[in-house]
Amino acid sequence: ALAKMNLRAGLKASKKASFKIAAVYFESGRELLGRSWETDSDTMLQLCSEEANARFAANDNVEIMNILIDEVMNQPIPVRDKFKVSKVKIKSALATGNIHESIDIALEFCRK
């Protein structure tokens with residue numbers, strides 16, 4: 001219940017473009033779930049995906065953003081559930097001027 005409250009608070013902060021605050025809420029929600037996908041995989045997916053997006057939007061801790069993206073991509077979940085983090089990964093590559101890498105990421109995702 002508390003993890004979902006953090007998710008909702010993070011989503012509200014993101015809507016107001018308070019991405020650093022949103023990332024804190026999403027991270028707290030993940031910690032409340034024990035960073036385990038087994039407890040509530042749907043909420044964990046949302047928390048990880050939204051936190052990765054918030055960290056990208058805030059240009060805050062790219063290392064954690066990449067860890068979250070990899071975590072989602074390595075879960076045995078449907079490909080459609082991995083779409084949001086794939087978009088973040090593509091935008092991140094574009095933001096750093098890696099156009100070819102962003103195309104490769106997109107093509108790799110399309111092959112799945």
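**Close-up views of a predicted model**

**View 1. Glu50 and Lys84 form a salt bridge in which the closest N and O atoms are 3.0 Å apart.** A salt bridge here is a side-chain nitrogen of Lys or Arg within 4 Å of a carboxyl oxygen of Asp or Glu. This pair links distant parts of the chain, with Glu50 in helix H3 and Lys84 in helix H5, 34 residues apart. Helices (H or I, at least four residues) are DSSP runs, numbered from the N terminus. Glu50 is buried, with a relative accessible area of 15%, whereas Lys84 is partly exposed at 32%. For these words, buried means under 20% relative accessible area, exposed means over 50%, and partly exposed is in between (1.4 Å probe, protein chains only). A word on the source: this is a predicted model, where local features need pLDDT of at least 70 and side-chain atom pairs count only at pLDDT 80 or more, while totals for chains, interfaces and linings use all residues. Residues are numbered from 1 along each chain as its sequence is written, and side-chain values use heavy atoms, with hydrogens and water left out.

**View 2. Glu27, Arg30, Glu51, Arg55 and Asp60 are joined in a network of salt bridges.** Let us begin with Arg55, which forms a salt bridge with Glu51, the closest N and O atoms being 2.8 Å apart. Glu51 and Arg55 are 4 residues apart in helix H3, so about one helical turn separates them. Glu51 is buried, at 0% relative accessibility, and Arg55 is buried too, with a relative accessible area of 6%. Arg55 also forms a salt bridge with Asp60, and there the closest N and O atoms are 2.8 Å apart.

**View 3. Asn59 and Asn61 sit in the loop between H3 and H4.** In residue numbers, helix H3 is 41-57 and helix H4 is 62-73. Asn59 has a phi near 50 degrees, a positive value in a residue other than glycine. Asn61 is not a glycine either, yet its phi is positive at about 50 degrees. How exposed is each side of this pair to the surroundings? Asn59 counts as exposed, at 64% relative accessibility, while Asn61 counts as partly exposed, at 36%.

**View 4. Lys82 is buried yet has no salt bridge.** Which side chain of opposite charge is nearest to Lys82? That side chain is Asp81, 8.8 Å away; for charge, Lys and Arg count as positive and Asp and Glu as negative, with His and the chain ends not counted. Lys82 lies in the loop between helix H4 and helix H5 (83-95). Leaving aside residues up to four places away in sequence, Lys82 touches Val72, Met73, Gln75, Ile77 and Phe109. Contact here means heavy atoms within 4.5 Å.

**View 5. The count of aromatic pairs comes to 1.** The rings of Phe83 and Phe109 have their centres 5.9 Å apart and their planes at 50 degrees, so the pair is tilted. The pair links distant parts of the chain, Phe83 in helix H5 and Phe109 in helix H6, 26 residues apart. By the rule used, rings of Phe, Tyr and Trp (its six-membered ring) pair if their centres lie within 6.5 Å; planes under 30 degrees apart count as stacked, over 60 as edge-to-face and the rest as tilted. Phe83 counts as partly exposed at 44% relative accessibility, whereas Phe109 counts as buried at 14%.

**View 6. Ser86 is found in helix H5 and touches Met73, Ile105 and Phe109, not counting residues up to four places away in sequence.** At 3% relative accessibility, Ser86 counts as buried. Ser86 and Val72 are 14 residues apart in sequence, and their C-alpha atoms are 9.3 Å apart in space.

**View 7. Leu94, Ile99, Ile103 and Leu107 form a nonpolar patch on the surface.** Together these residues have about 350 Å² of accessible area, computed by the Shrake-Rupley method with a 1.4 Å probe, where for residues only the protein chains shown count as cover. Patches are made of residues with over 30% relative accessible area and no salt bridge: like charges are joined within 9 Å, nonpolar side chains (Val, Leu, Ile, Met, Phe, Trp, Tyr) within 5 Å. Which helix gives the most to the nonpolar patch? Helix H6 (residues 99-111) does, with 3 residues, and Ile99 lies in this helix.

Terms used
Helices (H or I, at least four residues) and strands (E, at least two) are DSSP runs, numbered from the N terminus.
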